Amino acid sequence: MSRHPKPRTMSIDGREVVVLTPEDYAALSASRRQLGALNSHAEQLKSELRQARALLGRVREMLAPPDGERQDDGPADPAALIEAIDEAVRRGRPRR
């Protein structure tokens, strides 16, 4: 594992400060912007996932048979279909 170089420091008004070259500052600033954008995107995805799970819950309630009744008249088992969709939502979307 590579070691991080010790930052250059100096004392200003009795306080120790880290000194950056303009190139280092530009790289640090770019990294902060990228991190902010990624964080924003992650929050948006979490919100979309919460909405998708809520929608799936409503679909589950609509497809569920009334209490005590069995529903075997369809070509596919709705409970299995719901579970498959639920698992797909839990795993998330495939990466593009």
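Please keep in mind that the model is predicted. Across the whole structure, the search turns up 2 salt bridges. On the nonpolar side, Val18, Leu20, Tyr25 and Leu28 make a surface patch of about 400 Å².

**Salt bridge Arg8–Asp24**
- Arg8 and Asp24 join their side chains in a salt bridge, with an N to O distance of 3.3 Å.
- This pair ties together distant parts of the chain, 16 residues apart: Arg8 sits in the segment before β1 (9–12), while Asp24 belongs to helix α1.
- Arg8 has a relative accessible area of 46%, so it is classed as partly exposed.
- Asp24 is also described as partly exposed, because its relative accessibility is 37%.

**Salt bridge Lys46–Glu43**
- Glu43 is the salt-bridge partner of Lys46, and their closest N and O atoms lie 3.1 Å apart.
- Both residues are in helix α1 with a spacing of 3 residues, which means about one helical turn separates Lys46 from Glu43.
- Lys46 is partly exposed, given its relative accessible area of 43%.
- Glu43 falls in the partly exposed class with 39% relative accessibility.

**Nonpolar surface patch**
- Tyr25, one of the residues making the patch of about 400 Å², is located in helix α1, which covers residues 22–63.
- Tyr25 counts as exposed because its relative accessibility is 54%, and the cut-off for that class is over 50%.

Conventions:
Residues numbered from 1 in each chain as written. Predicted model: local features only at pLDDT ≥ 70, side-chain atom pairs only at ≥ 80, totals over all residues. Heavy atoms only, no water. Patch = residues over 30% accessible without salt bridge, like charges linked within 9 Å, V, L, I, M, F, W, Y side chains within 5 Å. Areas by Shrake-Rupley, 256 points an atom, 1.4 Å probe, with all protein chains shown as cover. Salt bridge = Lys/Arg side-chain N within 4 Å of Asp/Glu carboxyl O. Helix = DSSP H or I, 4+ residues; strand = E, 2+ residues; numbered from the N terminus. Buried < 20%, exposed > 50% of the residue type's maximum accessible area, 1.4 Å probe, protein only.
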